[in-house]
Amino acid sequence: MEEEGDAKPKKAGPRQCCVCNQRRAALKRPKTLEQICRECFYRVFEEEIHQVIVENQLFKPGERIAIGASGGKDSTVLAYVLSELNRRNNYGLDLFLLSVDEGITGYRDDSLETVKRNEIQYGLPLKVVSYKDLYGWTMDEMVKMIGLKNNCTFCGVFRRQALDRGAALLKVDKLATGHNADDIAETVLLNILRGDIARLSRCTAITTGEDGPIPRCKPFKYTYEKEIVMYAYFKRLDYFSTECIYSPNAYRGFAREFIKDLERIRPRAILDIIKSGEDFRISTSTKMPEQGTCERCGYISSQKWCKACVLLEGLNRGLPKLGIGRSRGLNQENSKDVKKGNGARSIESKQCGSLDF
């Protein structure tokens with residue numbers, strides 16, 4: 001017989017969920033570090049998003065809402081959660097999926113197949129707009145001309161406008177995007193590093209563009225990227241996880257790595273950066289750009305030409321660097337259209353920002 005002092009210590013049993021105290025914990029929430037079971041994680045994840053929607057009055061009953069759908073984890077989870085909350089809480093919304101085909105072979109063509117499956121899975125109508133149809137160029141064609149540097153600048157500008165044009169075609173009241181807390185924290189840091197006071201003053205707003213063609217809202221403003229991944233994984237949602245082949249050298253990637261390093265040390269850092277961005281106050285002596293409309297296409301712009309028209313003019317001239325950085329030369333009133341380049345249509349024959357076509 002073993003003596004009392006020789007008894008082996010018992011191993012600790014599995015941790016119980018700190019929310020229900022009934023089921024075994026399946027994960028630790030990155031946002032709060034709580035040990036929680038799957039069922040409670042689904043519930044608190046969805047409830048937090050519901051509270052953000054209600055407290056910020058993101059939607060009104062009867063509104064038509066387009067969900068920016070790329071096929072990635074964020075937009076896929078957003079489409080799934082919004083459709084569930086709309087049904088469960090009687091939001092009374094008409095939901096649509098809106099995708100942009102940038103023309104990136106081996107990336108966007110594959111991810112669009114995922115979106116098409118989501119259309120069937122969630123029963124949401126899908127609209128796809130393409131760079132080729134809107135601007136006369138695919139992203140692959142642009143990269144051949146501009147190289148791997150600065151291509152994200154072109155894509156970001158064109159994509160933003162393409163989403164607005166698609167939303168106008170769908171005649172929606174708002175556009176919901178899958179930007180999460182990590183994305184917003186990255187943007188705050190990027191705007192500080194760039195000294196971009198104008199964007200810094202509005203990048204943390206949960207709803208933007210209310211004075212533009214289509215307001216945009218971010219239901220995932222306070223939702224961590226890791227929790228979105230966990231939710232998609234445990235729910236077995238169908239999403240596309242490959243990174244864009246042109247993005248590894250993007251400036252934002254360095255900010256993203258910095259944010260992840262901070263999160264490993266202190267998970268609360270992401271929300272603290274967002275809070276700092278919300279609390280920034282711009283000096284009254286700071287001159288802010290005045291918003292107007294592009295003389296070329298009618299899209300919102302603080303210059304005579306919107307950035308999309310400037311970039312497209314540079315591409316069509318075969319001089320893409322003209323659209324990078326300061327572009328005073330292209331914003332002159334007497335700038336003339338030139339012959340199209342690389343098979344693209346001229347700006348006059350295909351207005352890049354017109355919402356009526």
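Reader: Which residues of helix H9 are buried?
Author: In H9, residues 225-235, the buried ones are Glu 225, Glu 227, Ile 228, Tyr 231, Ala 232 and Phe 234. Buried means under 20% relative accessible area, exposed over 50%, and partly exposed in between, with a 1.4 Å probe and protein chains only. Helices are DSSP runs of H or I with at least four residues, strands are E runs of at least two, and both are numbered from the N terminus. The model is predicted: local features need pLDDT of at least 70, side-chain atom pairs count only at pLDDT 80 or more, and totals for chains, interfaces and linings use all residues. Residues are numbered from 1 along each chain as its sequence is written, and side-chain values use heavy atoms, leaving out hydrogens and water.

Reader: What do the buried residues of H9 pack against?
Author: They pack against strand S1 (27-28) and helices H1 (38-55), H2 (73-88), H7 (181-194) and H10 (251-265). Contact means heavy atoms within 4.5 Å.

Reader: What makes H1 oblique to H9?
Author: The two helices pack at an angle of about 130°, with axes 11 Å apart. H1 is therefore oblique to H9. Under 35 degrees counts as roughly parallel, over 145 as roughly antiparallel, 65 to 115 as roughly perpendicular, and the rest as oblique. Axes are lines fitted to C-alpha atoms, for helices over the stretch in contact, and angles run from 0 to 180 degrees between N-to-C directions.

Reader: Which residues meet where H1 and H9 pack?
Author: From H1 come Arg 38, Phe 41, Tyr 42, Phe 45 and Glu 46; from H9 come Glu 227, Ile 228, Met 230, Tyr 231, Phe 234 and Lys 235. By class, this contact has 7 nonpolar, no polar and 4 charged residues.

Reader: Why is Asn 86 called buried?
Author: Its relative accessible area is 14%, so Asn 86 counts as buried. Asn 86 lies in helix H2.

Reader: What does the side chain of Asn 86 reach?
Author: It reaches the backbone nitrogen of Gly 92 at 3.3 Å. Leaving aside neighbours within four places in sequence, Asn 86 is in contact with Tyr 91, Gly 92, Leu 93 and Leu 95.

Reader: How do you know that Val 143 is buried?
Author: Val 143 has 10% relative accessibility, so it counts as buried. This residue lies in helix H5, residues 139-146.

Reader: Which residues does Val 143 touch?
Author: Not counting residues up to four places away in sequence, Val 143 touches Leu 148, Asn 151 and Tyr 246. Val 143 and Tyr 246 are 103 residues apart along the chain, and their C-alpha atoms are separated by 8.5 Å.

Definitions and conventions. A polar contact is a pair of N or O atoms within 3.5 Å; within protein, one must be able to donate a hydrogen and the other to accept it, and residues adjacent in sequence count only if both atoms are side-chain atoms. Ala, Val, Leu, Ile, Met, Phe, Trp, Tyr, Cys and Pro count as nonpolar, Asp, Glu, Lys and Arg as charged, and the others, Gly among them, as polar.
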